[in-house]
Amino acid sequence: MVNRTKMEGTMRNSDIREQNLNNIHEAAFELFIKNGIESTTVNEIAKKAGISKVALYKHFESKTDIALMIVNRAVDVFHINVQHLFETDEYKRLSGIEQLERVLNTYQSIERNDPNFYLFFNEFRIYTIRHNLPEEKTRSFMDFVSSSVRKYYSAAVEKGRRDGSITMAYPEQDAYDVINSAFRGIFLMFFLDHPVLEEHLIAELKRKIHGVIRIVLRAHSGGGETE
C-alpha cells in the first residue's frame with residue numbers, strides 16, 4: 001500500500017510538472033509574440049501561465065531557457081514531421097524531381113497552423129544575437145531545418161540524376177547552400193518589413209517561397225515543370 005501510494009504521488013507530480021510546462025510554453029509563446037522576448041518578464045509569464053514565479057523557477061533558470069524550450073519542442077515536432085513526409089513508401093516511389101519538390105515545400109509548410117510561428121523564430125534569432133548567447137545553446141531553428149533537409153535534398157538530386165528527371169550539373173551541396181541562403185533571405189527581409197503578422201501576410205510569404213521553389217525546380221530539370 002505504501003509503495004502504491006508513493007507511485008501514485010510520483011505520477012501526480014509528473015502530471016503536474018508536464019501541465020506546468022505546457023502552460024508556461026503557451027503563455028510565453030503568446031507574450032513573446034505580442035511584446036517581444038526582450039520586453040516580456042518572467043513575472044508576466046508566470047501570471048499568464050497561472051503559476052507562481054517560484055514554481056516557474058523550479059523548471060527554468062531564466063527567460064532565455066523558456067524561449068529555448070519553445071525552440072526545442074518545435075525541433076522535435078519538425079523531426080517527426082520530416083520522418084513522416086520523407087520515409088514513406090509513397091515518397092520513395094516518386095521521381096527525383098518530384099521528391100525534390102516535396103523537400104523544397106518543407107520551407108513553406110514549416111508550421112501550418114500558427115502564422116506566428118515564423119515571427120517567433122525571427123524574434124528569437126534577434127534576441128540571441130543581441131545578448132551574444134553561446135552558439136551551441138542557441139542554434140536557430142532554421143539551422144536545424146537546413147541541416148535536416150539537406151540530406152533529403154541530396155538524395156532527391158542523386159535519384160533524379162539516375163532517373164533522368166534532374167539534369168543540373170552544378171554540385172548539389174553548393175546548390176543547396178545557395179537555395180538555403182535564398183530562403184533565409186526571404187524570411188529575414190520579410191520580417192524586417194512586417195514585424196506584425198496577419199493572415200494575408202503569411203499568404204504573401206508563402207507566395208514568395210513558392211516562386212523560389214518553381215525557379216529551383218526549373219533549374220534542376222533543365223527548364224521543365226512538375227505537375
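**Exercise 1.** In this predicted model, state which helix holds Arg-162 and Glu-158, and how many residues apart they lie.

*Solution.*
- Step 1: Locate the pair. Both residues sit in helix α8.
- Step 2: Take the spacing. Arg-162 and Glu-158 are 4 residues apart, about one turn of the helix.
- Step 3: Check the contact. Their side chains form a salt bridge, N to O at 3.3 Å.
- Step 4: Classify the exposure. Arg-162 has 60% relative accessibility and counts as exposed. Glu-158, at 48%, is partly exposed.

**Exercise 2.** Determine which parts the salt bridge between Arg-150 and Asp-177 ties together.

*Solution.*
- Step 1: Take the contact. The side chains of Arg-150 and Asp-177 meet in a salt bridge, N to O at 2.6 Å.
- Step 2: Place each end. Arg-150 belongs to helix α8 (residues 141-163) and Asp-177 to helix α9 (residues 172-193), so the pair joins parts 27 residues apart in sequence.
- Step 3: Classify the exposure. Arg-150 is partly exposed at 25% relative accessibility. Asp-177 is partly exposed at 34%.

**Exercise 3.** Do the like for the salt bridge between Glu-90 and Arg-102.

*Solution.*
- Step 1: Take the contact. The N to O distance between the Glu-90 and Arg-102 side chains is 2.8 Å.
- Step 2: Place each end. Glu-90 is in helix α5 (residues 89-92) and Arg-102 in helix α6 (residues 96-105), so this pair links parts 12 residues apart in sequence.
- Step 3: Classify the exposure. Glu-90 has a relative accessible area of 36% and is partly exposed. Arg-102, at 33%, is partly exposed.

**Exercise 4.** Give the number of salt bridges in the whole structure.

*Solution.* A search of the whole structure returns 8 salt bridges. Among them is Arg-150 with Asp-177.

Terms used. Residues are numbered from 1 along each chain as its sequence is written. This is a predicted model: local features need pLDDT of at least 70, side-chain atom pairs count only at pLDDT 80 or more; totals for chains, interfaces and linings use all residues. Side-chain values use heavy atoms; hydrogens and water are left out. A salt bridge is a side-chain nitrogen of Lys or Arg within 4 Å of a carboxyl oxygen of Asp or Glu. Helices (H or I, at least four residues) and strands (E, at least two) are DSSP runs, numbered from the N terminus. Buried means under 20% relative accessible area, exposed over 50%, partly exposed in between (1.4 Å probe, protein chains only).
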